[in-house]
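Biologist: I would like to learn how to read the features of a model like this one. Please take me through them step by step.

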Amino acid sequence: MELGQLGTIDTIIFAVYIVAVIAFGVWIANREKTNTASDYFLASRSLPWWAVGGSLIASNISAEQIIGMNGSGFELGMAIATYELMAAITLILVAKFFLPVFLKQEIYTMPQFLEERYNGTVRTIMSVFWIALFVFVNIATVLYLGALAIQTLLGVDLWIGIVGLVLYSASFSIFGGLKAVVWTDVVQVIVLMVGGTVAAYGILSVVGDGNFLVGIENLYNALPEHFEMLFEPGDTYLDVANAHELSTGVNPDGEATALVAGDQYKSSFQLLPGMALLLGGMWIVNSYYWGNNQYIIQRALAAKDLPEAQRGVAFAAFMKLFIPFFAVLPGIAAWYLLREQDPANLPITKADQAFPWVLANYVGVGFKGLTFAALVAAIGSSISSMVNSTSTIFTMDIYNKFINPRATQGRQVRVGQISAAVALIVGAMVAPALANAGQVFQVIQEYTGFISPGVLTVFVFGMFYRRGTSEAALVVVLASVPLSWGFQTLMPDLPFLDRMAFIFLLSAGLMIIVSALTAKSEKQRVAEQEKVSGYGEQQKRDLSGKLIKDTKLRNGLSIAVIGVGLATGIRLLLQPVPGVPQLMAWIFVVLSVIVIALLYTDKTADDYKAIDLDPALFRTRMGFNIAAISIILILAFVYTFLA
């Protein structure tokens, strides 16, 4: 089968599925009334655990995973699966330590938490940051990758695919709110898992001469470099787009290429720097995404209660362990089948075409339409989730705060619908600009990494560092992007995960130092505490005996600094990166020690907005604990076997 064709049966299956999902979403939107902000933005806080977990996966697994990760698997191999595998254990940590605090505060949005802990300025700045990130990076990239798959399989122009995805997502997400999004997610995650498994089974059976298990074995034996989980500094990969351009002599615009021989080989280590995938910057990527990202955490905030939310997140963690089977292995199999061909004649001219090529050529009639429907389902789910969260932040953190503080519940819902439509339209206008990108999944990680270290610092220290002030949070938030850009410019050879680890260390140091410099006087602190919480000083002292001890909080923050910063410094000493001076490794080590010393020597009084944490808040049930231990054991086996 040629690219750009989908048979009659597959087209019918695909069309029936799309119409059915739209009809189901519209029915949910009309059946479940969204008269209040809680109805529209948090599904009336009524979601059961299986809906929370299913919606988390459906929102997360989208075009950038199925298409983008298969593209990275095509060029880099199984190491890209670290984003999925380490996400499983991150989800457990988020459910254990982050969710109890967020649900205790009864918040709608992440910026709202920042105002309750710090002040309105921090909330507003982060609201603008997140809206821009969702619209110009997340929504735009998912629309582009989805349209690329539609273009490959249906042979239509890219813009037609973008418009189709916009209309599909808008049909139920704009009017139905989070409730319509979640219930369609529950259906779509089933189709996604089935369709993705069918695609992986199809091509692996080809590789294994009819047996998909033999196919996996053949891939492992023939491409051992594609099953490395931890790269060394000298490891490289073939950039297919550059190889094609060098072979043909022209760039994508039809002009003479400016590339020279050797430009087709790039550093694998730069994208996935060895042990940084286990200790270091990867924790920042995952903790920010799963713990502070509005369109992800919003599902857990909408759960019936904390135990239900934690069960749902644990369910999602188990599903994450299975995702590399269809989000990475088909890309590796595509490389296996095409690796001997002339780059000038490959049917794949860029990495992100790997999965659509697999789908077009190695999935049987009928199943092709189902798998394509699964892909569109994943794309639609993610776009709907991002759009809903964008509208939630705009309505609750911008409109209600600055434009119309007295807006009725009905007016808030209407503004949410309008802002959702605007976010979709703007994202669609930006999407075509990504046409010349290589591995779009890596582009997303790179640019999200400009803000994630600072944002994660502000949240983690906001929850577990009682001395953090609003002035310190403001400095960290504003400094995050300039610091990231500056270090990218000054030290371009430093892998972006390591750069994120360094920015996290700087942000933690800034948080402690600026908090000490801007701490309130004892008199101001007591007065403001009484104003905020209603507690007098004696009541506060009586309550403090029931709270988590300050030493435990310092220990927890120190573990974070060691796991991210100190671990990166030691790794750079043992595994030097070409182009990065050895001095940088020592700077990591010294800065980590300084931050830890500051944590333990800081004698500043608690900030008046510090969150009171009862130890009982973090107790989890036996089922959750068993799930957590099981996930850790599975990951230990995978990395022991493949490392």
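Modeller: Let us begin with Phe-24, which is partly exposed at a relative accessible area of 28%. Here buried means under 20% relative accessible area, exposed over 50% and partly exposed in between, with a 1.4 Å probe and protein chains only. Keep in mind that this is a predicted model, where local features need pLDDT of at least 70 and side-chain atom pairs count only at pLDDT 80 or more, while totals for chains, interfaces and linings use all residues. Residues are numbered from 1 along each chain as its sequence is written, and side-chain values use heavy atoms, without hydrogens and water.

Biologist: How many aromatic pairs does the structure hold?

Modeller: A pair of aromatic rings is described by the distance of the centres and the angle of the planes. Rings of Phe, Tyr and Trp (its six-membered ring) pair if their centres lie within 6.5 Å; planes under 30 degrees apart count as stacked, over 60 as edge-to-face and the rest as tilted. The structure holds 21 aromatic pairs. In one of them, the ring centres of Phe-24 and Trp-27 are 6.1 Å apart with planes at 35°, so the pair is tilted.

Biologist: Where do Phe-24 and Trp-27 sit in helix H1 relative to each other?

Modeller: An α-helix has 3.6 residues a turn, so residues three or four places apart point the same way. In helix H1 (residues 8-31), Phe-24 and Trp-27 are three residues apart, which puts about one helical turn between them. Helices (H or I, at least four residues) and strands (E, at least two) are DSSP runs, numbered from the N terminus. Trp-27 is also partly exposed, at 48% relative accessibility.

Biologist: What is the geometry of the pair Phe-212 and Phe-325?

Modeller: The centres of Phe-212 and Phe-325 are 6.3 Å apart and the planes lie at 80°, so this pair is edge-to-face. Phe-212 belongs to helix H9 and Phe-325 to helix H15 (residues 324-327), so the pair ties together parts that are 113 residues apart in sequence. Phe-212 is partly exposed at 25%, whereas Phe-325 is buried at 15%.

Biologist: Which residues have the most contacts inside the largest nonpolar core?

Modeller: In soluble globular proteins, nonpolar side chains tend to be buried together. A nonpolar core is a set of buried Ala, Val, Leu, Ile, Met, Phe, Trp, Tyr and Cys residues joined through side-chain atoms within 4.5 Å. The largest one has 207 residues, and Phe-102 and Trp-130 have the most contacts inside it. Helix H8 gives the most to this core, with 21 residues. Phe-102 and Trp-130 also share an aromatic cluster with Phe-98, Phe-113 and Phe-459. Beyond residues up to four places away in sequence, Phe-102 touches, among others, Ile-107, Met-110, Leu-301 and Met-463 (contact means heavy atoms within 4.5 Å).

Biologist: Is helix H17 mostly buried or exposed?

Modeller: Seven of the nine residues of H17 (354-362) are buried, so the helix is largely enclosed by the rest of the structure. Phe-355, Trp-357 and Leu-359 are among those buried residues.

Biologist: How many salt bridges does the structure hold?

Modeller: Side chains of opposite charge can pair when their charged atoms come close. A salt bridge is a side-chain nitrogen of Lys or Arg within 4 Å of a carboxyl oxygen of Asp or Glu, and the structure holds 12 of them. Between Arg-466 and Asp-612 the N to O distance is 3.3 Å. That pair links distant parts of the chain, 146 residues apart: Arg-466 in the loop between H21 (452-464) and H22 (470-490), Asp-612 in the loop between H27 (582-601) and H28 (622-642). Arg-466 is buried at 10%, and Asp-612 is buried at 16%.
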